Amino acid sequence: MSQFAYHPKATLYICNSCLECKKDRYENLVEKHKIQADEINIMRCLNKHSFLTLTLLSKLIKIPESVLREELNRLEEYGLVIRQYYKFDCEGEQKRSPVFYSMAEKLPFRFADEKENVKWNASLKMEEVMPILTWNLFYSILTRDIPRKNIQIQQQYRIGNLTVSGRLKLKDKKFFKGYSHCIVISVSDCALYNSKLPEDINRIYKYFDHPMEKRPWFLIICESSRQAAWLNEKIKKEVPAECGVYYITAIDLEAGENPFLCIQDIHFEDEDIVTKTLVMDDWY
């Protein structure tokens, strides 16, 4: 099971004693040099990615976890950063998700490059958070393994009135128009949450049906191969065959592999799950 797995009836546990930093307190912290470049860098990264574990944040901003933990503890005490996790029952035993961080709901300042990412609130549902954490894991590996000149990544990408996890343009002369166009959708293992996925894929596919853009192929990040096979059954009934839909499991990502080495075709044959890993040259 992936570390960012969905569990029904999960409860958000908030670790903070302070949930808001008033403007006068923030100005006082800045004046006393308790908020400096490192703290701003941490908060900017959290704001950009919405939700991050200590390990993911450490990879993205390249600060050792031991140092970063102390910085986050201070920002938590100031009410600028929220530390939290989900509690849930698993076969009669109380368990919890990994601890993750986000910016507080109300901030005493605005980021210059602030976008409409998913914001924190005290009623945040697990099915909203886990796909974002999985996408951020995907993103951290992608930016590590693929040279920046070969890829363009747009996070929380708006397509009409839909928002997808990301849009990728893999650049190479071998591709028609010089790039391979990929829409990435990270999903939670919750049937109701995924019910509109085929409809959304169809809408996105049609959206790019004009000469200025290539039609995309789709990469669905799932928690497990069983979830992928279940979604594939639904998608193949409702999405045109020429629309390429493929899968990556969060479990593969957690092994730290380049995502383009573990793209799979996953489907049911009778009751068995059949997976076929696709050749990297097909994508990049």
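Colleague: Which residues do ring pairs link into a cluster?

Modeller: This is a predicted model, in which local features need pLDDT of at least 70, side-chain atom pairs count only at pLDDT 80 or more, and totals for chains, interfaces and linings use all residues. Residues are numbered from 1 along each chain as its sequence is written, and side-chain values use heavy atoms, with hydrogens and water left out. Rings of Phe, Tyr and Trp (its six-membered ring) pair if their centres lie within 6.5 Å; planes under 30 degrees apart count as stacked, over 60 as edge-to-face and the rest as tilted. Such ring pairs join into a cluster Tyr26, Phe109 and Phe111.

Colleague: How many aromatic pairs does the structure hold, and what is the angle between the planes of Tyr26 and Phe109?

Modeller: The structure holds 9 aromatic pairs. In the stacked pair of Tyr26 and Phe109, the centres are 5.0 Å apart and the angle between the planes is 25°.

Colleague: Are Tyr26 and Phe109 buried or exposed?

Modeller: Buried means under 20% relative accessible area, exposed over 50%, and partly exposed in between (1.4 Å probe, protein chains only). By this criterion, Tyr26 and Phe109 are both buried.

Colleague: Why is the pair of Trp135 and Phe138 called tilted?

Modeller: The ring centres of Trp135 and Phe138 are 5.3 Å apart. The pair is tilted because the planes of Trp135 and Phe138 lie at 35°.

Colleague: Is Glu242 buried or exposed?

Modeller: The relative accessible area of Glu242 is 56%, so Glu242 is exposed.
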